[in-house]
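Let's take a friendly walk through the inside of this model, from the contact between its chains to its cores and cavities.

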Amino acid sequence: MTKKQNQDAIQGREKVIEVEDLVTHYGERKILDGITMDVRDGEIMVIMGGSGSGKSTLLRYLMALETKTSGIMKILGHDIDELSAKEFFDLRKKMGVAFQGGALFSSLSVGDNVMLPLYEHTDLEYSTMEIMARMKLQVVELGGFEDLMPSELSGGMIKRAAFARACVMDPKILFCDEPSAGLDPAVASALDDLILKLREAMGMSIVVVTHELESAFKIADRITVLDRGKILMIGTVEEVRASKNERIYNLLNRVPEDDTMDPDEYLARLTGEDYEVGNQPL
Amino acid sequence: MAEPGNQTTPSGLFQFLDKVGRYTVAGIEEIGNGGMMVAESLYWLFFGHRMKQPVRMNAVIEQMHEIGISAIPIIALLAGSISTTLAIQGIYTLRIFGAEGHVTAGLAFIVVREFAPMITGILVAGRSGSGLAARIGTMKINQEIDALKVMGVSPVRFLVAPPLIAMVIMVPCLSMMSNVVGLFLAGIYINIELGISLAAYLDQIIEILKVEDVLQGLAKSVIYAIEIAVIGVVNGAGVRGGAEGVGKATTRSVVQSISAIIITAMIVVILTTG
């Protein structure tokens with residue numbers, strides 16, 4: 001199936017994530033403003049934007065890690081505001097995440113890291129869990145690495161192991177934060193291939209945040225372009241490439257922009273006197 | 001811009017009050033967070049099965065080993081050293097009045113009611129409270145806690161409940177061990193110094209101490225355990241700014257835990273001894 005045919009097929013499928021008029025604040029500052037988007041079943045949606053555009057923040061909201069100010073957010077058809085605690089936990093079992101740094105548990109071996117979701121959410125025999133973890137590690141080409149500790153892996157391997165852990169429960173939605181950041185081009189390209197392979201093998205929807213244009217164009221079915229907390233456009237790779245929007249043009253052609261910032265605001269952020277993302281209690 | 005030495009001007013005063021207000025609010029918020037974590041840990045302990053998220057007993061046992069068993073040598077050493085020091089000082093002081101034979105009474109009360117739980121608490125705060133803050137802080141900056149949340153695993157159930165339960169079980173046990181080791185080593189010194197046999201010394205202790213005295217010490221240990229765990233977790237969860245932030249949180253948790261232990265000891269002694 002060509003990429004175009006794939007995109008057409010995806011458009012007819014159900015929405016696994018629906019966001020309508022999402023508004024979020026950190027303290028007094030508005031961070032995301034009127035975000036409306038959706039992700040379809042089996043689609044790879046890439047969220048792109050420059051530094052400070054709010055793409056990683058948007059990802060945190062899509063993963064329901066933060067509390068929004070207003071708007072509607074549905075994940076797998078469930079309005080997250082209407083879920084009980086148990087329903088919310090159950091919903092999360094259908095989600096996986098591969099963070100930028102991998103976020104592997106340093107005290108656990110690679111195999112135990114991958115097994116953790118199975119151990120926490122299933123009643124499987126330990127030996128069965130081991131087999132499943134090994135299989136997932138083989139999918140990400142880390143077969144035989146299960147006894148190593150995360151500190152013994154390279155950056156690219158850590159990201160692969162994070163993918164294995166994220167996929168071990170066969171999630172419906174996989175979130176990836178900057179998968180190719182900090183990797184050499186060859187390893188980054190291999191990770192892009194892995195994302196495509198995972199979608200192909202498991203049929204999951206994948207939301208990827210990246211600022212790497214090459215990677216975005218390679219894997220995306222659709223791209224959401226963010227700028228200063230607002231969506232500039234949502235479209236296919238071709239549509240984004242053909243956009244006449246000046247800021248998108250600048251982003252795609254790496255044209256530096258005059259992003260002036262209020263020094264007081266900058267200092268407040270630097271000294272942590274303002275609310276920070278992910279700084280809530282456990 | 002404020003001029004040097006301009007602290008008494010209204011703006012300086014307002015800045016001072018503003019700072020005091022911010023710290024007060026932050027302090028109250030931390031106490032609230034700590035209380036919520038204890039409540040949530042208890043919820044997961046008793047009702048986690050309903051959500052198919054039980055507190056894993058093997059995690060609790062692992063923590064009990066780390067917090068309790070591994071700490072036995074150092075706690076025994078310090079409990080023995082401090083009790084012996086107290087015995088030496090007690091004999092030295094009472095000798096002024098010719099009452100050194102009564103050293104056992106003071107020693108028994110002060111070791112069992114105060115020093116054994118306090119020394120145990122301080123050591124556990126230094127070993128395990130700081131470790132807890134560092135572990136949670138590191139996990140936070142590495143986004144491991146976010147990863148747990150997205151996996152559908154409650155971080156409080158997974159990371160907070162096991163050490164909290166382990167501390168509540170192990171700190172009183174360690175405190176009891178400190179009582180035994182401390183009184184035994186002090187007894188040996190008293191035997192050497194005053195010629196009171198160990199059997200007579202033990203008789204004196206049994207006669208002087210009531211069950212309530214021992215229970216008071218153990219009850220304090222439970223309070224200290226909760227304080228150490230909560231302070232460690234709250235500081236770990238509040239980490240900002242990478243590795244340096246983890247270091248600061250670790251130091252802060254030790255200082256706060258030791259302060260909390262000593263202040264609690266003072267409050268309890270005021271309330272119970274009058």
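## Where the chains meet

Buried area is the accessible area, taken with a 1.4 Å probe, that two parts lose on being put together, summed over both. Keep in mind that the model here is a predicted one. Between chain B and chain A, the buried area comes to about 2800 Å², and carbon and sulfur atoms give 58% of that.

Chain B brings 35 residues to the contact and chain A brings 32 residues. Which residues of chain B lose the most area to chain A? They are B:Val150, B:Met151 and B:Arg240, which together account for 25% of what that side buries.

## The nonpolar cores

The largest nonpolar core holds 80 residues. Those that touch the most other members are A:Ile17, A:Met37, A:Leu58, A:Leu62, A:Met63, A:Phe175 and A:Val207. Chain B takes part as well: its helix H6 (residues 155–194) supplies the largest share of this core, 13 residues. There is also a second, separate core of 46 residues, with A:Met115, A:Val140, A:Ile223 and A:Val225 among its members.

## The largest cavity

How many cavities of 30 Å³ or more does the model have? The count comes to two. The largest has a volume of about 100 Å³. Its lining is made of 13 residues, and the closest to the centre are A:Met95, A:Gly96, A:Pro117, A:Arg165 and B:Met151. You have met B:Met151 already, as one of the chain B residues that lose the most area to chain A.

In chain A, strand E6 (95–98), helix H4 (110–121) and helix H6 (155–167) each give two or more residues to this lining. E6(A) gives the most, with three residues. By type, the lining of the largest cavity has eight nonpolar, two polar and three charged residues.

## The second largest cavity

The second largest cavity has a volume of about 50 Å³. Residues that line it include B:Ala79, B:Val111, B:Phe115, B:Ser178 and B:Gly182. Helix H3 (72–95), helix H4 (103–141) and H6 of chain B each supply at least two lining residues, and H4(B) gives the most, with four. What kinds of residue make up this lining? Six are nonpolar, three are polar and none is charged.

Definitions and conventions: Residues are numbered from 1 along each chain as its sequence is written. Chains are lettered from A and ligands numbered from 1 in the order in which they are written. This is a predicted model: local features need pLDDT of at least 70, side-chain atom pairs count only at pLDDT 80 or more; totals for chains, interfaces and linings use all residues. Side-chain values use heavy atoms; hydrogens and water are left out. A nonpolar core is a set of buried Ala, Val, Leu, Ile, Met, Phe, Trp, Tyr and Cys residues joined through side-chain atoms within 4.5 Å. Buried means under 20% relative accessible area, exposed over 50%, partly exposed in between (1.4 Å probe, protein chains only). On a 1 Å grid over the protein atoms alone, a cavity is a set of points where a 1.4 Å probe fits but cannot get out, and a pocket is an open set with protein on both sides within 12 Å along at least five of seven lines; lining residues have an atom within 4 Å of a point. Grid points are joined across faces, edges and corners, and a volume is the space filled by probe spheres set on the points. Ala, Val, Leu, Ile, Met, Phe, Trp, Tyr, Cys and Pro count as nonpolar, Asp, Glu, Lys and Arg as charged, and the others, Gly among them, as polar. Contact means heavy atoms within 4.5 Å.
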